Amino acid sequence: MRKLLVTGGAGFIGGNFVHYWCRHYPGDRIVVLDALTYAGNVATLEPMLSHKAIAFVQGDINDRALVERLLHEHDIDTVVHFAAESHVDRSIVDPDAFVRTNVLGTQALLSACRTAWYHEGKWREGTRFHHVSTDEVYGSLAPDEPAFSETTPYAPSSPYAASKAGADHLVRAFVHTYGMPATISNCSNNYGPFHFPEKLIPLTIVNALHGKPLPIYGDGLQVRDWLYVEDHCVAIDRIISTGQPGTTFNVGGRAEHVNIDIVRRLCRELDHQFAGSSALAARFPDCPAAKGAACESLITYVKDRAGHDRRYAIDPSRIAGTLGFEPAETLATGLARTVDWYLSNEPWWRAVMDGSYREWVQKQYSER
Ligand code: NAD
Ligand code: TYD
């Protein structure tokens, strides 16, 4: 039985990971540590939270005393570290928060684990620190350049990517210097349920439902490699369960697409779902599809993001070859599942957007 501390477990990927882990390993114990920034939402962790299948602690990964206490009290043997400031646009406006959480927070966690797990020159048997990182640490690719491999030199462009690169270097340094049993995954763009509607895919869905413009930065021809979030959870499971400590794995979806193509596909999926559905038209009367028009009519080209990376692409040979990981979802099936989820879970995204659940959360879940 594993005892996991999942940082950032009330966020998008961390939340999906907790659902995944509870489904596959119901005998394991999970403690979620999350500061509940604008991007965190405890509703994401239902019903496991109400059923007391997991423990939730609202707190900051920079709070070393708290982290050490949790590691000790819950006898944690596995840390899966998702907590981060994760939105590139926000990092351009306010880089400080990114350095504080992504760099200093990761350092605080690593040190707390070392205190808890390293005694008399040896690491406690069976411990693992898994750091969840991004392909953005490698910078931007030209159209004809080969995809990022684990040996591609780091060249982060945005403050977000630079802060994640800093965190990766600290994890590598702990492996190299202290022999820490740590692994890293550098993953491409994720999408799926519980995604905060500031990122391209959920923003497009929610804006289209309200008949609001769908902003396309620059010419919309930037390329991302898209992975359905549950596939990312499977990859992390493989790495924790069978990946060699000290190893980095690149994780991708084998699905490179330009942004405008993603937005058009989402529009067509919404048009399709609305066709003949008077119930959807009644719920979302401002959506063009409610009046039989195309959601694509909302596409609006806007000023480009500063320093916008042109292309990301992952070479997944290592994780495919050594751990046998391949994504199960195609872009078509993954996008359809995602649109379905947003149509079926309106209370979730309404609550995260207006922040109305926050006061209630403070009372319910604040342990300290
Ligand atoms: P997210 O923004 O949805 O969630 C981040 C979570 O971390 C939130 O619940 C937030 O409350 C919490 N958090 C933030 N600061 C904290 C702090 N100081 N202490 C404790 N908790 C804190 O992010 P996400 O998209 O789920 O990303 C999770 C991880 O995966 C990040 O490390 C990100 O860099 C990485 N990643 C994301 C993607 C992607 O496409 N979203 C792709 C590759 C890697
Ligand atoms: P995003 O979802 O923010 O992820 P990341 O910046 O980490 O790749 O953006 C994905 C791509 O979509 C990126 O090239 C920026 C672009 N984009 C838009 O064109 N319009 C938008 O409104 C957003 C949020 C992103």
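This briefing walks through the surroundings of two ligands in a predicted model. Because the model is predicted, local features need pLDDT of at least 70 and side-chain atom pairs count only at pLDDT 80 or more, while totals for chains, interfaces and linings use all residues. Residues are numbered from 1 along each chain as its sequence is written, chains are lettered from A and ligands numbered from 1 in the order in which they are written, and side-chain values use heavy atoms, with hydrogens and water left out.

**Ligand 1: who is around it**

- Ligand 1 is surrounded by 28 residues, with Ile13, Asp34, Ser86, Tyr160 and Lys164 the closest; a residue is near a molecule if one of its heavy atoms lies within 4 Å of it.
- That shell splits into 13 nonpolar, twelve polar and three charged residues. Here Ala, Val, Leu, Ile, Met, Phe, Trp, Tyr, Cys and Pro count as nonpolar, Asp, Glu, Lys and Arg as charged, and the others, Gly among them, as polar.

**Ligand 1: contacts, cover and elements**

- Oxygen atoms of ligand 1 take part in polar contacts (pairs of N or O atoms within 3.5 Å).
- On the side-chain side, a polar atom of Asp34 sits 2.5 Å from a ligand 1 oxygen.
- From the backbone, an N or O atom of Gly11 is 3.0 Å from an oxygen atom of ligand 1, and a polar atom of Asn190 is 2.9 Å from an oxygen of ligand 1.
- Ligand 1 exposes 840 Å² when taken alone, and the protein buries 96% of that; accessible areas come from the Shrake-Rupley method with a 1.4 Å probe.
- Helix 1 (12-24), strand 7 (128-134), helix 5 (159-178) and strand 9 (189-191) each give two or more residues to this shell. Helices (H or I, at least four residues) and strands (E, at least two) are DSSP runs, numbered from the N terminus.
- Strand 7 is the biggest giver to the ligand 1 shell, with three residues.

**Ligand 2: who is around it**

- There are 16 residues around ligand 2, and Glu136, Pro215, Arg224, Arg305 and His308 come nearest.
- By class, the ligand 2 shell holds six nonpolar, five polar and five charged residues.

**Ligand 2: contacts, cover and elements**

- A polar side-chain atom of Glu136 is 2.6 Å from an oxygen of ligand 2.
- On its own, ligand 2 has 510 Å² of accessible area, and the protein covers 96% of it.
- Helix 6 (200-210) and strand 10 (214-217) are the elements giving two or more residues to this shell, and strand 10 gives the most, with three.

Note on methods: Polar contact = N/O pair within 3.5 Å; in protein donor to acceptor, adjacent residues only side chain to side chain.
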